Amino acid sequence: MQTFKLALLLFTLLKGEVQAAKKLKEIFAWNYFDFAYPTDQDRYNAMLNGDYIPANGLPVGIEIWNNKMFVTLPRWKEGVPSTLNYVDLDRYDSKSPALIPFPDWKSNEAGNCNNALTSVDRVKVDRCDRLWVLDTGTTGIGANMKNPCPYALNVFDLKTSKRLRRYQLRPEDTNPNTFIANIEVDVGAKCEDAFAYMSDELGYGLIVYSWNQDTSWRFKHGFFFPDPLAGDFNVGGINFQWDDEGIFGMILSPLQQDGYRTLFFGPLASNREFAVSTQILNNASKVDDGYHDFVALEDRGPNSHVTARAMDDTGVMFYNLVDRNAVGCWNSVLPYKPEYMAVVDSDHEGLIFPVDIKVDRNRNLWVMSDRMPIFLIKGIDVNDVNFRIYVAPVENMIKNTVCGFY
C-alpha cells in the first residue's frame, strides 16, 4: 500500500492532469547525483580519492516498490560510488534527493564478485516482492570495458533487503561480444515458478533463467540482430550511429487464454517489434527447435527507435521514442500498426532520451530521462539539469487516444 505522502503526491498529479491533459509531471530533477554518505567527511574523502566524481554518474534504470524508487547507475565511468540505489518516497527533502545505496554501501563494492554488485543497468520487481538485479560485472564501456566479475543474476527479498540468490551465468550463455543490459521477469501461480529473460544487446541472444531449476539457457534468432538500415540516430542535437545495437527492450503481456504471456521485444537499431510466447522460452528443448515460434510485427515507421517498454495489467504498452523525446503507447488488443499507436507526451528539453519507463502497481506511469548520448559523447554540464523523473496516472496518459480503447 502506498504511504500517505506518495498518495498525496499522486492525487496532486491526478488533479493537475485534468488541467494539463496527458502531460507527465516532473517530480525529481538532478544536475548530478549526490549520495547519502554517512558523514560529510566521508563524501569529501570519496571525492578526494576519486571514488566519487559527480559528473560521471548516469542513471539508466528505475523501478518502483512501495515507498522505494530504485535508480541504477552502471559503472561506465570512474567515480560511481554505488550502482544500485533508491530514493525514499516518504522522506525526500528536495527535488534532487541524495541516492541511498541498496541494500547498503558494502553491497555496492565494485569487484567484490560474490558479495556485492559491480555494475547494474536495469532491474525488475516481481509480484512476490523480489527485486531481480543483473550485475554485468563490468566497468567502463565500449573499448574501455573491463570484466572484473562474471555476469550474475541477484535476487533480493524486498521485505528484508536480504539477497535470496546469486546465479552466475554459464559460459554457454555469453560470447566475446556479450553485453546484457535488460531483464524481464515472469512469475506463475507460485513464486517459485519464475523465469527471468535477459537480452544480450551486442551478442545477439536471449538468456532464460529458471528459478525452480536454477539453471539457464540461451536462444539465438535473426530477430535479435540490428537492422542495418536503422542505425542512424539524432538525439539532443547530436547525430551518432548505434548500428550494432541488437535486442534490448522487452516487456511481458498479461496472461493470455492459453495460460502463458507474450514477450514483446525489439533491437535498439530497429523500427520493428517482435514477439514470442513464454511457452516457448520456458522450454529449454525449444532452443534448437523454436525458430518459427518467433513472430515479426509491423514496422512502427521512421524515427521510432525504442529502448524501453512497460505494460499495464490491461495490456496497454508504453514505450520511449528516443529520436522524438517522447513516449508512445499501443493497446495490445489492437493490431500492431502505426495507426493504432499514439504519442502521449513529448518534451524537447525535459525528455531528451527517455531512457526507462515503468508502470507501478497503482497504474502510474514513471519515466526517467538522462541525456545519454550527450553524456557519452560530450559529457554533462553539472550546472544544468541532466536527469529527470516524471510520473502520471495511466488513465490520464491514454485518455482521448487510440490506446484508451478497451
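1. A quick word on terms before the notes: a residue counts as buried when its relative accessible area is under 20%. Keep in mind, too, that this is a predicted model.

2. Let's begin with strand 6, residues 120-125. Six of its six residues are buried, so the strand is largely enclosed by the rest of the structure. Strand 6 also turns up in several of the points below, so it makes a handy place to start looking.

3. What does strand 6 pair with? Its partner is strand 7 (residues 130-135), joined to strand 6 by four bridges, and the two run antiparallel. If you want a landmark in the pair, look for lysine 124, which sits opposite tryptophan 132 of strand 7. Four residues separate the two strands of this hairpin, and aspartate 129 has a positive phi near 60 degrees there.

4. The largest pocket has a volume of about 700 Å³. Lining this pocket are 24 residues, and those closest to its centre are Lys124, Val125, Arg127, Met311 and Val359. Two or more lining residues come from each of strand 2 (61-65), strand 6, strand 10 (180-187), strand 16 (247-252), strand 20 (309-311) and strand 24 (354-359).

5. Which strand gives the largest share of that lining? Strand 10 does, with four residues.

6. The elements giving two or more residues here are strand 6 and helix 4 (372-377). By class, this lining has 14 nonpolar, four polar and five charged residues.

7. How many cavities of 30 Å³ or more are there in the whole structure? The search finds one. The largest cavity has a volume of about 100 Å³, and 14 residues line it, with Asn182, Ile183, Met250, Arg309 and Lys358 closest to its centre. Strand 6, strand 10, strand 16 and strand 24 each give at least two residues to this lining. Sorted by class, the cavity lining holds six nonpolar, two polar and six charged residues.

8. Next, serine 210, which you'll find in strand 12 (residues 205-210). Is serine 210 buried or exposed? With a relative accessible area of 1%, serine 210 is buried, because that value falls under the 20% cut-off. Its side chain reaches the backbone nitrogen of glutamine 213 at 3.1 Å. Setting aside residues up to four places away in sequence, serine 210 touches Ala194, Phe195, Thr215 and Trp217.

9. Last up is glycine 57, in the loop between helix 2 (40-48) and strand 2. Glycine 57 is buried too, at a relative accessible area of 7%. Which residues does glycine 57 contact, leaving aside neighbours within four places in sequence? They are Phe33, Leu73, Val80, Phe375 and Phe387. For a sense of scale, the C-alpha atoms of glycine 57 and lysine 399 are separated by 36 Å, and the two residues are 342 apart along the chain.

Definitions and conventions. Residues numbered from 1 in each chain as written. Predicted model: local features only at pLDDT ≥ 70, side-chain atom pairs only at ≥ 80, totals over all residues. Heavy atoms only, no water. Buried < 20%, exposed > 50% of the residue type's maximum accessible area, 1.4 Å probe, protein only. Pairing = 2+ DSSP bridges. Polar contact = N/O pair within 3.5 Å; in protein donor to acceptor, adjacent residues only side chain to side chain. Contact = heavy atoms within 4.5 Å. 1 Å grid on protein atoms, 1.4 Å probe; cavity = no way out; pocket = protein on both sides within 12 Å on 5 of 7 lines; lining within 4 Å. Points joined across faces, edges and corners; volume = space filled by probe spheres on them. Nonpolar A, V, L, I, M, F, W, Y, C, P; charged D, E, K, R; others polar.
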